[in-house]
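Thank you all for making time this morning.

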Amino acid sequence: MSEEKEPIIETARELLADRLVARTWGNLSRRVGADRYLITPSGRDYETMQPSDLVEVDFDGKWSGELKPSGERGLHTAIYRERSDAQFIIHTHQPYASAMSLAGESLELDAELAERVGSAILPTADYGLPSTKKLHKAVLETLRATGARAILMRGHGAVLFGDDPAELVDLAKELEAVCRQRFEDLTGVTAGAVKGHVRRFVRDGFSLPPQVVHIFMRREDAGAVIGDDSPLLLEFRETGLKAYLDDFSQLIGLQAGKSFANDVIFGRKAVYFLGADLDEAEAAREVSIKNALAAKVALAFGEKPLPKLDGTIMHVVYKLKYSKLKDS
């Protein structure tokens, strides 16, 4: 069994290194029988994940072990049931692909990439809350309609399946490059406008700027602050940054603005990200940049932010349940 588990761990860390997933978001699985598969557990960092942490799940949803399997196991089961050629599945939260899921249209692929995907387009499945039957049904309908083995999920990320995990990672990177180029063509926002000057501060650090001191005074729960003057982020200084992606609504909420009650605060010359430590503050920064990319795409196509009820549910569930699971 260890030989079946190691490729999952290695692939998870490769996805993390290539920034196709962040923290504990996303999930991976490998078929190990006619009606069962191994999947990554819920709320575990990929950097420290061990083969023994993986959970075996059958097609009836039964599992055993100390750790709970990923909440998206239903999506994996649906794909394995549908496609006998699916031996490995990766669900990513890659930035540009996630952003382009808000385009409201499928992306045309060149002949070589279309052959690898199994479709002339990179399709997008309709929106559904994470881990729900609505999302699983939307992905299956898209899969059946297009035959694509790489599908964007609106406001969520991408799911890819195939036989070789290394090939899937390579395919995910290629699709990210395609989505990035399409994004830049659509919005005119290049990497230079996304990247800003980043400064990191901890509560007991030295030579803290007045703005950061003020934040620490207003937010006693914050142990770290990251400042970023990214032009892309600062575009939303006056309007606030609304939630267009699931992971942003989970971690940040329905909107980021100038309120000190939020973990993302827009200052005059920079955006500040708060966390219990630098790792948490960096997570807030990463999902905010990705959500800003998605917001640019959504605004270009006249697409709306996430429904308020859905966003609220995701935020509450994450804060009360998922974040505690990760901390444990």
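By a pocket I mean an open set of grid points where a 1.4 Å probe fits, with protein on both sides within 12 Å along at least five of seven lines. Please keep in mind that this is a predicted model. In this model the largest pocket has a volume of about 1000 Å³, and among the 35 residues that line the largest pocket, Arg19, Pro95, Glu282, Arg285 and Glu286 are the closest to its centre.

Where does the lining of the largest pocket come from? At least two residues each are supplied by helix H3 (95-100), helix H6 (165-187), helix H7 (191-194) and helix H11 (278-301), and of these H11 gives the most, with nine residues. Sorted by class, the lining has 17 charged, 15 nonpolar and three polar residues.

Let me stay with H6 for a moment, which has 23 residues and reaches 32 Å from its first C-alpha to its last, close to the 33 Å expected at 1.5 Å a residue. Its buried residues include Leu168, Leu171, Leu175 and Phe183, but also Glu176 and Glu184. After H6 comes Gly188, which has a positive phi, near 75 degrees.

Finally, the sheet: seven strands form an open sheet with mixed pairing, in the order E3-E2-E1-E4-E9-E8-E7, and its edge strands, E3 (55-58) and E7 (124-125), each pair on one side only. Within this sheet, E8 (residues 150-153) and E9 (residues 157-162) pair in the antiparallel sense over four bridges, and Ile151 stands opposite Val159 in E9.

Note on methods:
Residues numbered from 1 in each chain as written. Predicted model: local features only at pLDDT ≥ 70, side-chain atom pairs only at ≥ 80, totals over all residues. Heavy atoms only, no water. 1 Å grid on protein atoms, 1.4 Å probe; cavity = no way out; pocket = protein on both sides within 12 Å on 5 of 7 lines; lining within 4 Å. Points joined across faces, edges and corners; volume = space filled by probe spheres on them. Nonpolar A, V, L, I, M, F, W, Y, C, P; charged D, E, K, R; others polar. Expected span 1.5 Å × (residues − 1). Buried < 20%, exposed > 50% of the residue type's maximum accessible area, 1.4 Å probe, protein only. Pairing = 2+ DSSP bridges.
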